[in-house]
Amino acid sequence: MSLQLHRNRPSPIMLSFFLLGGVYLGWGALNGDRLRIMFIPVGSVGLLVIALCGVGLALAGLAQTLRPPPITLDASGLRFRTADLNRFVPWQSVEAVILEPYPGSVSAGHPRLLLVPSAGADLGLPAEYVNTVDARGSIVVVSLDQLRESTDQVVGAFRTYAGPRFVNGLSTAGTGQAAS
């Protein structure tokens, strides 16, 4: 059995607005409507460009909803589908998975999920980021604001599958100690 952490979805209302607005403006541009900006006639070409941008934004949002989940956890390891890391990583190659508070002010940003590879494990990326929880070299995987699941759900999932490899840096954000 596996657990998937999903990306946030764009609002269907916004997708519909941009798609229908783009189609309407495109139809108007092709039927002779003209765009005026501050009483300056831009013409139907300007209106068509705005229509194509609206439809393009709607299609990009639709593509975002169809992308696979960025993280899949199971008993054998982790499957990452992010911009930098697109591979399966067995638990033997993972020294730790760290949930790190946003550097600086806690209210300034969202926690991030970090991966600390085991010694000798080649993940295709260097572990150059030094995390603030225990100062080990890490790879920043994803910020939790990009995920649909809540922080508590992410913590529960990693406690279940990663076990002692999971370090919750949020529980010690103000104390300076790392606890798992």
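These notebook entries record what I looked up in a predicted model.

**Ground rules.** I number residues from 1 along each chain as its sequence is written, and I use heavy atoms for side-chain values, leaving out hydrogens and water. Because the model is predicted, local features need pLDDT of at least 70 and side-chain atom pairs count only at pLDDT 80 or more, while totals for chains, interfaces and linings use all residues.

**Helix H1.** I looked first at H1, residues 12–30; helices (H or I, at least four residues) and strands (E, at least two) are DSSP runs numbered from the N terminus. The 19 residues of H1 should span 27 Å at 1.5 Å a residue, and the end C-alpha atoms are 27 Å apart, which agrees. The expected span is 1.5 Å times one less than the number of residues. I noted Leu15, Gly22, Gly26, Gly28 and Ala29 as buried in H1; buried means under 20% relative accessible area, exposed over 50%, and partly exposed in between (1.4 Å probe, protein chains only). H2 is included in what covers these buried residues, contact being heavy atoms within 4.5 Å. After H1 comes Gly32, with a positive phi near 95 degrees.

**Helix H2.** I then turned to H2, residues 44–66. Its 23 residues should span 33 Å at 1.5 Å a residue, in agreement with the 33 Å between its end C-alpha atoms. I found Gly46, Leu47, Ala51, Gly54, Ala58 and Gly61 to be its buried residues, and they pack against H1, S2 and S3. Ala60, also in H2, is partly exposed at 47% relative accessible area. Ala60 and Pro10 stand 50 residues apart in sequence, yet their C-alpha atoms are 9.9 Å apart in space.

**Met38 and its patch.** I located Met38 in the loop between strand S2 (35–37) and strand S3 (40–43). Met38 is exposed, with a relative accessible area of 70%. Together with Ile37, Ile40 and Val42, Met38 makes a nonpolar surface patch of about 420 Å². For such a patch, residues have over 30% relative accessible area and no salt bridge, and nonpolar side chains (Val, Leu, Ile, Met, Phe, Trp, Tyr) are joined within 5 Å. A salt bridge is a side-chain nitrogen of Lys or Arg within 4 Å of a carboxyl oxygen of Asp or Glu.

**Ser143.** Ser143 counts as buried at 17% relative accessibility. Leaving aside residues up to four places away in sequence, Ser143 touches His110, Pro111 and Arg112.

Terms used. Patch = residues over 30% accessible without salt bridge, like charges linked within 9 Å, V, L, I, M, F, W, Y side chains within 5 Å. Areas by Shrake-Rupley, 256 points an atom, 1.4 Å probe, with all protein chains shown as cover.
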